[in-house]
Amino acid sequence: MPRKPPALSTEDVIARALEAASGAALVLDGELRIVLSTPAASELLGIEIPPHASAPKLLCGDSEKRPVAEALAEGRPVQAILPPRGSSRRLVRVRSLPVTQGRARVGTLLLLEDAGESFEAGEILFHGMWTQDPAMKVMFRVLERVAGDDVTVLVRGETGAGKELVASAIHALSGRHKGPFRAINCAALPSHLLESELFGHARGAFTGAVRDTPGHVQLAHRGTLFLDEIAEMPLELQAKLLRVVETRTVLPVGAREPVPVDVRFVSATHRALRKEVEAGRFRADLMYRLRVIPVFIPSLRERPDDIPLLVEKFMALRNETSRRRVDRVSPAAMALLRRYSWPGNVRELKNVLAYAYAMGDGPTLVPADLPPELLDPSLFGAEQVAPSPTPEACAEHPNPEARRILEVLARAGGNRQRAAKILGLSRVTLWRRMRELGIAGPA
C-alpha cells in the first residue's frame with residue numbers, strides 16, 4: 001500500500017497553489033514584510049526566504065542604489081530586473097501587483113521570473129556603447145529581450161546619455177534589422193514642418209509642394225522609426241501620431257487616402273511622460289501606446305567607473321585624427337573628470353576631450369587642458385559629485401553603513417519612516433543605528 005505524503009500546513013498549500021497559478025512569487029504585507037513565498041521564488045533567488053523578512057532588504061541587499069525598494073516604499077508599480085546575487089550570474093525580473101481591500105492597499109504581490117544570465121565582469125562593447133557598469137549590462141540584457149517582441153519601446157534618459165544608440169541597438173537586434181532605421185528629433189522643428197517631415201505631404205498641399213513626398217513614417221516601412229524628444233511634440237500632432245500607431249496607416253498632409261505602413265516605434269525623452277500627462281502637455285492614450293516597454297539609461301554620474309574606460313576609448317579614436325596625441329591622463333585631471341556631475345553625460349565627455357585636445361599640448365592631459373566648468377563648477381551653475389552617487393556628506397563618512405543610510409535618507413527627502421521602509425528596517429531600528437553611528441542629528 002503506497003505511503004501517504006506528509007500532510008502540508010495550510011500556508012504550504014496556499015503557497016503551492018500560488019506557485020501553480022503564478023510561478024515564483026512573494027506576498028508582502030503593508031509593511032513590505034514577506035508573509036508568503038513560493039518554493040520557486042526561493043529557488044530562483046538562490047536563498048532561503050525567512051518568514052516576515054523585509055522584501056526591500058532581501059531583494060536589494062546592501063546596495064546604495066535601491067530603485068525597487070524605493071518604488072515599493074512609495075507604493076509605485078515595480079517592473080525591473082534585479083542584478084545577480086553573490087557568485088550567480090542569473091538576472092531576475094520582478095514586477096508588482098497591488099493587493100487591495102476596497103480602495104485601500106493592504107499588500108503587494110511580487111512576481112519573479114528568470115531573465116537570463118548577465119554579462120561577464122569587465123568591459124564590454126554593446127552596439128557602440130562601452131561599459132563595465134553592472135546597471136548598464138542589465139540594461140543591455142533588457143534590450144536583447146525586448147528587441148525580439150515587435151512592440152513599442154520608450155527610452156528614458158538624460159540629455160547625451162545615448163538614447164539614439166539604444167534605439168539603434170533595438171533595431172539591429174530585432175527581426176526588422178534588414179529594414180530602414182529612421183530617426184527624427186521632435187524638438188528640432190516647428191509644428192508645421194514636423195508634421196510634413198513625419199507624415200509626408202501630397203502635391204499641392206502648400207506652396208512649394210510640387211510633388212508627393214513621403215514622410216519618415218512611410219520611409220521607415222518594414223523598419224523602425226525613432227522619435228527623439230517625443231515629449232516636445234505638439235498636442236495637435238500627438239493626436240495624428242496616435243492614429244498612425246493604432247491604425248497602421250498614415251495620412252500625408254493634403255492627402256485624402258491613408259497609406260498603410262508597417263513600422264515599429266521607438267521613442268525617447270528626458271522627461272517623465274506621466275508628469276507631462278498630469279500637466280496636460282501630453283496625451284495619456286498616446287503615452288500608453290508608446291510606453292509598452294520602458295527602458296531607462298543610467299546617467300554617467302551614476303556609473304563613475306565608466307569614466308576612465310570611456311576616456312580611454314575616446315582618446316584612442318581622437319589620437320587617429322587629431323594633431324595632438326595624448327598617451328595618458330594625469331591623476332589630477334582624472335580626479336576632476338570623475339568628480340564632475342556630467343549633466344550632458346557621454347556627449348559632454350566627448351566634447352570635453354575635444355576641448356582638451358585643442359587647448360593643450362604634449363602627451364599628457366593635465367587639469368589646465370580642461371574646460372573652466374570642470375576646474376570651478378560654481379562659476380557655471382554646475383555641481384561636482386563624489387565618485388559614488390552619494391551626497392558630499394555621505395561620501396565623506398568613513399563607515400559604509402552610515403554612507404548608505406545617509407544616501408537613502410537624502411533620496412527619501414529626510415523622511416525617516418520612508419527611509420526605514422527602503423532599508424528594510426523598522427523606524428526604531430533605523431533611529432538606533434543612526435545614533436550608534438553618530439549620524440542621528442536633531443530629533
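This is a predicted model: local features need pLDDT of at least 70, side-chain atom pairs count only at pLDDT 80 or more; totals for chains, interfaces and linings use all residues.
**View 1. An open sheet with five strands.** Follow the strands in the order β9-β10-β13-β8-β14, and you'll find that they pair in the parallel sense. β9 (181-185) and β14 (293-296) sit at the edges with a single partner strand each, so one side of each has no neighbour in the sheet. From one strand to the next, the twist averages 20°.

**View 2. One side of helix α13.** In α13 (residues 331-339), the buried residues are A333, M334, L336 and L337. They're on the same side of the helix because they cover an arc of only 155° around its axis. Among the elements covering these buried residues are α12 (306-319), α14 (345-359) and β15 (328-329).

**View 3. The largest nonpolar core.** This core has 37 residues, and those touching the most other members are L26, L28, I34, L59, V68, L112 and I405. Helix α4 (residues 67-74) supplies the largest share, five residues. Now pick out I34: leaving aside neighbours within four places in sequence, its contacts include L26, L28, I49, P51 and L58. Another core, of 27 residues, lies apart from this one, and C186, A231, V263 and L273 are among its members.

Notes: Residues are numbered from 1 along each chain as its sequence is written. Side-chain values use heavy atoms; hydrogens and water are left out. Buried means under 20% relative accessible area, exposed over 50%, partly exposed in between (1.4 Å probe, protein chains only). Helices (H or I, at least four residues) and strands (E, at least two) are DSSP runs, numbered from the N terminus. The arc is that of the directions from the helix axis to the C-beta atoms. Contact means heavy atoms within 4.5 Å. Two strands pair if DSSP finds at least two bridges between them. Axes are lines fitted to C-alpha atoms, for helices over the stretch in contact, and angles run from 0 to 180 degrees between N-to-C directions. A nonpolar core is a set of buried Ala, Val, Leu, Ile, Met, Phe, Trp, Tyr and Cys residues joined through side-chain atoms within 4.5 Å.
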